[in-house]
Amino acid sequence: MATVLSRALKLPGKKSPDLGEYDPLTQADSDESEDDLVLNLQQKNGGLKNGKSPLGEVPEPDSDAEAAGAAKPHLSEVTTEGYPSEPPGGLEQKATSSLVSYVRTSVFLLTLGISMILVLLCAFLIPCPPRDLHSTWSRHLGSQGGGDLSPLELADVNGDGLRDVLLSFVTSRNGSAVGVSGPAANLMCLSGMNGSTLWSSPLPEEARDITCLDLVPGGSAGTVCLVTGTHKMLSAFNATSGKAIWTLNSNYLSNGTLAAPVVVLPDLDEDGVRDLVVLAIGELQPDLCFLLVSGQTGSPLGRPVKYNIVGVGNLIGPQVYITTNGAVYILFGFGNIQAVALRDIFVQAQNRDSSPPSLQIEEPEWEKRRSINLSELIDVYSDGVELLQMVKAPDSNCSNLLITTRQGLVLLRGQNLTPYWTLSLQGLHSQPTPGYFTDDHRLDFLLQIQDGVGMKKMMVVDGESGSMVWSYSVPCHMKETPATSAVTSDQKSVFLFWAEGLSAASPNSDAVLGTEPSSLYHLYLLHPAFPSMLLDLANTTGTVTASQVGINDLWKDAFYVTRTTGPSSEGHPATLVVSKLSLRWALMEGQVAQLRETTPKIGRGELRRFLSRIKFVDAPCEI
C-alpha cells in the first residue's frame, strides 16, 4: 500500500536495499538531511545566511517548481552508505589549493636558485685586492758599463701592498756624443708586480748603497730612499716619484770620500725627522771624520768630527747601537771594533758643552771599557775583525754583536760586551745568514765556508750554543754567492743559497761533485723539517751578485729577487738581469735533491702536502 501510494504521489523515495525499491518512510529523513546540506552549501558559497541573502534581503522563491527542484535529490550527492559525498565545489577548491601550493614551492625554489647564482657572481665579480698574479718575471736591463757594487733594495713605492725593486747600475754611454764621456749611473725602480719601470733617475756617480725607510716616526711623510755614492754623493729621493728631495753639498766633506753607507740616527735637532751620520775617510787611513746630516734638509748639523785611529784590515761600520738603557753609540774601526758615544760626536759638532737629554744616557758596562787616558773611544773587540752584524737578543729590546773574524765567529752580549760563545773556523769570508733552524726560537746562522777548490761547505750554527747542527759540502766556483732566509708562520726559517748542480748518484757522500758545468748555478732551499734534502728551485747561467727576500702579507707568500750579470766577452759588456720568483709556487715546482737516505723514507706526497701548507710572514727585527 505504501509503495502504491508513493508511486501515485510520485514522491521521491529511497531504494530499499532488500527490495530494490524506494522507501518513503526513510526518504523523509533523507530529505531533511539533504535540506541541511543544501543550506550549508549555500552558506559556504555566499548564499543564504541565517535566512537572508548577502544583501540582507529575504529571498522569495520564483515558483513551486523551483522549490520542489531544490529539494530533488541527486545520486552523485548520496553515497551507498547513506552519507553525503563532497560537493563538486569542494573538489575544485582542493585542486586550486594544490595548484597554489605547487606554485608557491616553485617560486621559492626559483628564488633560492637565483639568490645562489647572484652570490656566486658577486664572489667572482667583486674586485679583490691586487694579487701578485705575475709570481715570476725576469727583466733584462741591457748592458752594464762597469761598476763593482750591486745595491738592491725592496720597498712599496706605489702603495699596492707589494714591495717594489730598487737598484742602481752603471750603463754605457755613447762616447761619440758631444760633451758626454764615460759611464753614467742610474737609479731605477721596478714594479714588484710585473717588473715594469715605475721611474728612473740619473745619478752623478755609482751608488754604494740604497736604503728606503720612513724618516718621520709614525709613517706620515712617506718612504724616502737614501742613496750613498762611492765618492761624495749622498741624496734623498722620494720613493713614489723618484725625484730628489735633497743632496748633500760635497764641499762639506772637504778632501774626504764617503767610506760607507749612511747611518740613520734618532732625531737630533728636534724637527720631528730622524737625522743621519756619514763616515768620510781621507787619503791617509787615520783621517776619519763623522758628519751629522739633517734628515729633513740634507744640511750638516755642525762641523765634521775627526778621529785618528790605526788598524789593519777591513773598514768596519759605522753602525748605530742602542743599549737597553737607551744609550746611543756608533761602532766603527779598521780590523777592530771601537765605539764612540753619539753624545760626544754631537757636542764636538755643535761646539758646545750640552747635548739633548736623549743623548745624555750612558751604559755603565760600556763606559768601563774606555781607554786608560779616558779618551772618547771605547774598545769593543780587536782581533782580526772582518764583519759585524747586529743580531736581535731574545727576550730583550737590545741586540747582540755577531763578529766574523779571521779565526771564526764570536757572539758578544750587547749588554756587557762579554763573549756568549766562540766558534773556531777557517775560510769564513761571507756574512752569516740569520734564521730559525732549531726549536728554541733563537736565531741560528747559515755559514758559507771555503772547502777546497771549487767547493764550499754550507753549515748551520746553533745560536744558543755555537755548535754545528747541520752541514753539507756543495760544488761552487763563484767566489761569493749571496744567501738569505725567509721566516714561516710556525717560527721556522727556510734558507736559500746558490751552488752548482748536485749529483744524485752519491747521496751518502759528504762532498758531492757537480755533474753540470760551472756556468750553471742552482738556487737551493733548506728547510729545518727536512735536513736530509734540498729543493732545487731555479737555475741561472749568470753570476748572482745580490738577492733580497720580500713578503706578500696578503697572500702569505715570499718572493725572491735576484740581481744577475750575464757572461761577458771581449767587446761585449755583461748584461744585467733582475728576476723575481714566488717561493710558494717554486716550492711546489721544485726538484728534490736527496742528500742522504732516511728511515722511514719521506714520500713525495707527504712532502708536497707539507710544502703546500707553508706560509711566510715578516721576520722580526733581526739585525
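1. Start at the hairpin of S18 and S19. It has 2 residues between the strands, and Gly 335 takes a positive phi near 70 degrees. Strands here are DSSP E runs of at least two residues, and helices are H or I runs of at least four, numbered from the N terminus. S18 covers residues 328-334, and S19 covers residues 337-341. The two pair in the antiparallel sense over 4 bridges; pairing requires that DSSP finds at least two bridges. Tyr 329 stands opposite Ala 341 in S19.

2. A word on the source. This is a predicted model, in which local features need pLDDT of at least 70, side-chain atom pairs count only at pLDDT 80 or more, and totals for chains, interfaces and linings use all residues. Residues are numbered from 1 along each chain as its sequence is written, and side-chain values use heavy atoms, with hydrogens and water left out.

3. Ile 322 stands opposite Val 328. This hairpin has 5 residues between its strands, and Gly 326 in the turn has a positive phi of about 100 degrees.

4. Is S18 covered or open? It is mostly covered, with 7 of its 7 residues buried. Buried means under 20% relative accessible area, exposed over 50%, and partly exposed in between (1.4 Å probe, protein chains only). Val 328, Ile 330, Phe 332 and Phe 334 point one way; Tyr 329, Leu 331 and Gly 333 point the other way.

5. Next, the salt bridges (a side-chain nitrogen of Lys or Arg within 4 Å of a carboxyl oxygen of Asp or Glu). The whole structure has 8. Arg 370 forms one with Asp 344, at 3.4 Å between the closest N and O atoms. Arg 370 lies in the loop between H6 and S20 and Asp 344 in H5, so the pair ties together parts 26 residues apart in sequence. Both residues are buried. Arg 370 also meets Glu 367, at 2.5 Å from N to O. Arg 343, Asp 344, Glu 362, Glu 367 and Arg 370 are linked in a network.

6. Last, the largest nonpolar core. It has 26 residues, and Leu 496, Leu 537, Leu 583, Leu 587 and Phe 616 have the most contacts inside it. Such a core is a set of buried Ala, Val, Leu, Ile, Met, Phe, Trp, Tyr and Cys residues joined through side-chain atoms within 4.5 Å. Apart from it lies another core, of 23 residues, including Leu 288 and Ile 345.
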